[in-house]
Amino acid sequence: MEQKITSLREQFTLALNNAASAAALEALRVEYLGKKGLLAELMQSLRTLSGDEKKQAGQLINTLKNEVDGLVRAAAETLQKEEQKRQINSAKRYDVTLPERTEHGSYHPISLVQREVERIFVTMGFTVEEYPEVVDDYHCFEALNIPKHHPARDMQDTYYLSNGQLLKTHTSAAQNAIMRKYGAPLRVIFPGRCFRNESTDACHENTFFQMEGIMIDRDISIANLIYFMKTMLSEVFQRDVKVRLRPGFFPFVEPGFELDISCLNCGGVGCPSCKNSGWLELCPCGMIHPRVLEMGGIDPDEYTGFAFGLGLTRLAMMRYGVKDIRDFNSGNLKALAQFTQ
Ligand code: FA5
């Protein structure tokens, strides 16, 4: 019996050396220590032995059982540690000091259109100016030939601050300051956010963007105005855009016009974005009123000029096929992220 136990130990040692995986070790454990395993079989054979011999052999088998159990466990542990080490070594290294990776943001479609229009005008010799959103009554109205109680103010109700200042209703509010700052001749565009106390619908917002432009020089005429407008629109839309000019009244221009573009959302048939007219009022414009030039410190006998107030938000609607202006301020990132450029 002793002989049998010794050769089983040798056989086990050999098999253990060859067990290179967790599965092989488990199979080995079952083969030796399982209910019907080799050691259980050996125990069974003790029945044929007598007294002391049985006791001695029983102890030897139990010792071997404990050895097998201990060695299989130790081998399994070693294998597990080796596997962990291998995984750590093969894992991608990372630097905990790097900033967290997040989704990339994207430019707002209005910013994209604004940059595009700025680029176009800059190539035509215009400079770009900034102007505050909070202004005073003089710059927003009085310096634009809109005295107190003038009916033109009804169209532009806005939000007043307790100190008498207001949120600008149009980018024209910067005209006077820019004329005073640079004098004539002058070619400037000035984009900005405007605010109006307005009920909203598919084409009206209480907060929207305009891009104002003025060009003042000797002999500037309506022909120059039309040329710059058409050049800018066909560059933005990369095709000839249908426009129409109709008379429009603004106290700070004379004559004044409304420049409409054919609605690109419906092809001019009529839809909610164009109030079913087929045309979208996009860019009022006109020749700067002599009194406005005068208030800006420019001699109207020497200089003439044109001004326009492009509806930048509406231009972005047309450019990107946005059917409802309210989508722009909705904060809907899924919709806005489509414009990444
Ligand atoms: C003005 O604001 C004048 N200051 C424009 C101007 C400048 C005329 C220079 C002559 C010379 P109006 O209120 O029409 O005009 O607005 C100009 C453009 O801004 C509109 O054609 C439209 O495209 C856009 N706009 C006006 N109100 C809203 C609104 N509530 N929501 C979105 N866009 C608007």
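How much space lies in the largest pocket? About 960 Å³ lies there, in a structure that is a predicted model.

**Figure 1. The largest pocket and the residues at its centre.** The lining of the largest pocket is formed by 42 residues. R196, F250, E258, E281 and P284 are the lining residues that lie nearest the centre of this pocket. Six elements each contribute at least two lining residues: the strands β5 (207-217), β6 (243-247), β7 (253-262), β8 (279-288) and β9 (304-311), together with α10. The greatest contribution comes from β8, which supplies seven residues. Sorted by class, the lining comprises 20 nonpolar, eleven polar and eleven charged residues.

**Figure 2. The second largest pocket, with lining residues from α5 and β4.** The space in the second largest pocket is about 190 Å³. Its lining consists of Q114, E118, V128, E129, E130, Y131, E133, P191, G192, R193 and F209. Two or more of the lining residues are given by each of α5 and β4 (186-195). Strand β4 holds the largest share of the lining, with three residues. By class, four lining residues are nonpolar, two are polar and five are charged.

**Figure 3. The contact between helices α1 and α4.** Helix α1 spans residues 2-18 and helix α4 spans residues 51-90; their axes come within 10 Å and cross at roughly 5°. Because angles under 35 degrees count as roughly parallel, α1 is described as roughly parallel to α4. On the α1 side, the contact is made by E2, I5, L8, R9, F12 and L16. On the α4 side, the contact is made by A57, L60, I61, L64, E67, V68, L71, V72 and A75. The residues in this contact fall into twelve nonpolar and three charged, with no polar residues.

**Figure 4. The crossing of helices α5 and α10.** The axes of α5 (residues 109-123) and α10 (residues 312-320) come within 9 Å, with a crossing angle of roughly 100°. Because angles of 65 to 115 degrees count as roughly perpendicular, α5 is described as roughly perpendicular to α10. From α5, the residues P109, I110, L112, V113, Q114, E116 and V117 take part in the contact. They meet L312, T313, L315, A316, R319 and Y320 of α10. In terms of class, the contact has nine nonpolar, two polar and two charged residues.

Figure 5. Helix α10 is mostly covered, with seven of its nine residues buried. The buried residues are L312, T313, R314, L315, A316, M317 and M318. The elements that cover them include helices α5 and α8 (222-237), as well as strands β5, β7, β8 and β9. Just after α10, G321 adopts a positive phi of about 65°.

Figure 6. The peptide bond from A184 to P185 is cis, and its omega is near -5°. P185 belongs to the loop between α7 (175-182) and β4. The bond that joins E254 and P255 is also a cis peptide bond, with omega about -5°. P255 lies in strand β7.

Figure 7. N145 is a residue other than glycine with a positive phi, near 70°. Its place is the loop between α6 (137-140) and β3 (166-167). The relative accessible area of N145 is 15%; because residues under 20% count as buried, N145 is classed as buried. K275, likewise a residue other than glycine, has a positive phi near 50°. K275 is found in the loop between β7 and β8. At 54% relative accessibility, K275 counts as exposed, because the exposed class is set at over 50%.

Key
Residues numbered from 1 in each chain as written. Predicted model: local features only at pLDDT ≥ 70, side-chain atom pairs only at ≥ 80, totals over all residues. Heavy atoms only, no water. Axes fitted to C-alpha atoms, helices over the stretch in contact; angles between N-to-C directions. Helix = DSSP H or I, 4+ residues; strand = E, 2+ residues; numbered from the N terminus. Parallel < 35°, antiparallel > 145°, perpendicular 65-115°, else oblique. Contact = heavy atoms within 4.5 Å. Nonpolar A, V, L, I, M, F, W, Y, C, P; charged D, E, K, R; others polar. 1 Å grid on protein atoms, 1.4 Å probe; cavity = no way out; pocket = protein on both sides within 12 Å on 5 of 7 lines; lining within 4 Å. Points joined across faces, edges and corners; volume = space filled by probe spheres on them. Buried < 20%, exposed > 50% of the residue type's maximum accessible area, 1.4 Å probe, protein only.
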